[in-house]
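Visitor: I have a chain open here and would like to go through it. Can we start with the contacts and then move on to the rings?

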Amino acid sequence: MSKNLTQKQKNWWLISHLLFTAMWIGGGFTQIVMIVLIHLTSSGEFLHAAHSFMHIFDLALIIPGALGVVITGIVLSVRTHWGLTKYYWIISKEVISLILIASGGVLNIWVQDAINITLTERMDALNNPDYLHDRLMLLLFGAGQLILLVTVVGISVKKPWGKWKTIGSPKLRTNNQFLK
């Protein structure tokens, strides 16, 4: 098997990568819409249903999208000239993706807590300090995650910061005589 992808294979992997990115961002955007609607509702049933749908969007869009982005990103990096650690912009995407995935677990705790509270309390949840904390954290962290996801897309398009310079690179060897 060839190390590098053919142009046709690369295109299909890139299309998959973009579709998974759209799933992840779409799920995140949908959750933000639900959080905003939660702040505007006067229905206890809607309050509970909205948190339940947030969990469904997580399972149906965000988690598969994130996993798909990671898998397709690794394949595209390893099987093309980009590599996993050759460029600052790729390293930054990897770090941000790991932060987003890890923080998604924390968001899920708040969603589950909000589902449980609104199941029994409905609109009375608005008097529960634990629920109000969960709701605020979902708004702040959800918005933060969406901003980071859009930032990753911008990084992918702009490809800023250039190549990672390693000790063994010819440029550093010629510029730093003490490394000889």
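Visitor: Of the contacts between residues at least 6 apart in sequence, what percentage join residues at least 24 apart?
Guide: This is a predicted model. In the chain, 72% of those contacts join residues at least 24 apart.

Visitor: Which elements does the chain have, helices or strands?
Guide: There are five helices and zero strands. Read from the N terminus, the order is α-α-α-α-α.

Visitor: What radius of gyration does the chain have?
Guide: The chain has 21 Å, whereas a compact globule of 180 residues would be near 16 Å. The C-alpha trace spans about 70 × 40 × 25 Å along the principal axes of the chain.

Visitor: And what share of the residues is buried?
Guide: Of the 180 residues, 36% are buried. The chain exposes about 10,700 Å², and 71% of that comes from carbon and sulfur atoms.

Visitor: Charges next. How far apart are the mean positions of the positive and negative ones?
Guide: They are 37 Å apart, with 15 positive and 8 negative charges in the chain.

Visitor: On to the rings. How many aromatic pairs are there?
Guide: The structure holds six aromatic pairs. One of them is phenylalanine 53 with phenylalanine 57, which is stacked, at 6.2 Å centre to centre and 25° between the planes.

Visitor: Where do phenylalanine 53 and phenylalanine 57 sit relative to each other in the helix?
Guide: Both are in helix 2, residues 44-78. They are four residues apart there, so about one helical turn separates them.

Visitor: Is phenylalanine 57 buried or exposed?
Guide: Phenylalanine 57 counts as buried, because its relative accessibility is 19% and the limit for buried is under 20%. Phenylalanine 53 counts as partly exposed at 43%.

Visitor: What about tryptophan 110 and phenylalanine 141, how are their planes arranged?
Guide: Tryptophan 110 and phenylalanine 141 are an edge-to-face pair, with 5.0 Å between centres and 65° between planes.

Visitor: Which helices does that pair tie together?
Guide: Tryptophan 110 belongs to helix 3 (residues 88-121) and phenylalanine 141 to helix 4 (residues 129-158), so the pair ties together parts 31 residues apart in sequence.

Visitor: Tryptophan 110, buried or exposed?
Guide: Tryptophan 110 is buried, with a relative accessible area of 13%.

Visitor: Which residues do ring pairs link into a cluster?
Guide: That cluster is made of Trp82, Tyr87 and Trp89.

Visitor: Let's switch to the backbone. What is phi of lysine 159?
Guide: Phi of lysine 159 is near 50°, which is positive in a residue other than glycine.

Visitor: Where is lysine 159 found?
Guide: Lysine 159 is in the loop between helix 4 and helix 5, the latter being 170-175. Lysine 159 has a relative accessible area of 36%, so it is partly exposed.

Visitor: And tryptophan 161, what is its phi?
Guide: Tryptophan 161 has a positive phi of about 80° and is not a glycine. Tryptophan 161 too lies in the loop between helix 4 and helix 5.

Visitor: Why does tryptophan 161 count as exposed?
Guide: Its relative accessibility is 53%, and exposed means over 50%.

Methods: Residues numbered from 1 in each chain as written. Predicted model: local features only at pLDDT ≥ 70, side-chain atom pairs only at ≥ 80, totals over all residues. Heavy atoms only, no water. Helix = DSSP H or I, 4+ residues; strand = E, 2+ residues; numbered from the N terminus. Rg over C-alpha atoms; globule rule 2.2 N^0.38 Å. Buried < 20%, exposed > 50% of the residue type's maximum accessible area, 1.4 Å probe, protein only. Contact = heavy atoms within 4.5 Å. Areas by Shrake-Rupley, 256 points an atom, 1.4 Å probe, with all protein chains shown as cover. Lys, Arg positive; Asp, Glu negative; His and termini not counted. Charge placed at Lys NZ, Arg CZ, Asp CG, Glu CD. Phe/Tyr/Trp six-rings, centres within 6.5 Å; stacked < 30°, edge-to-face > 60°.
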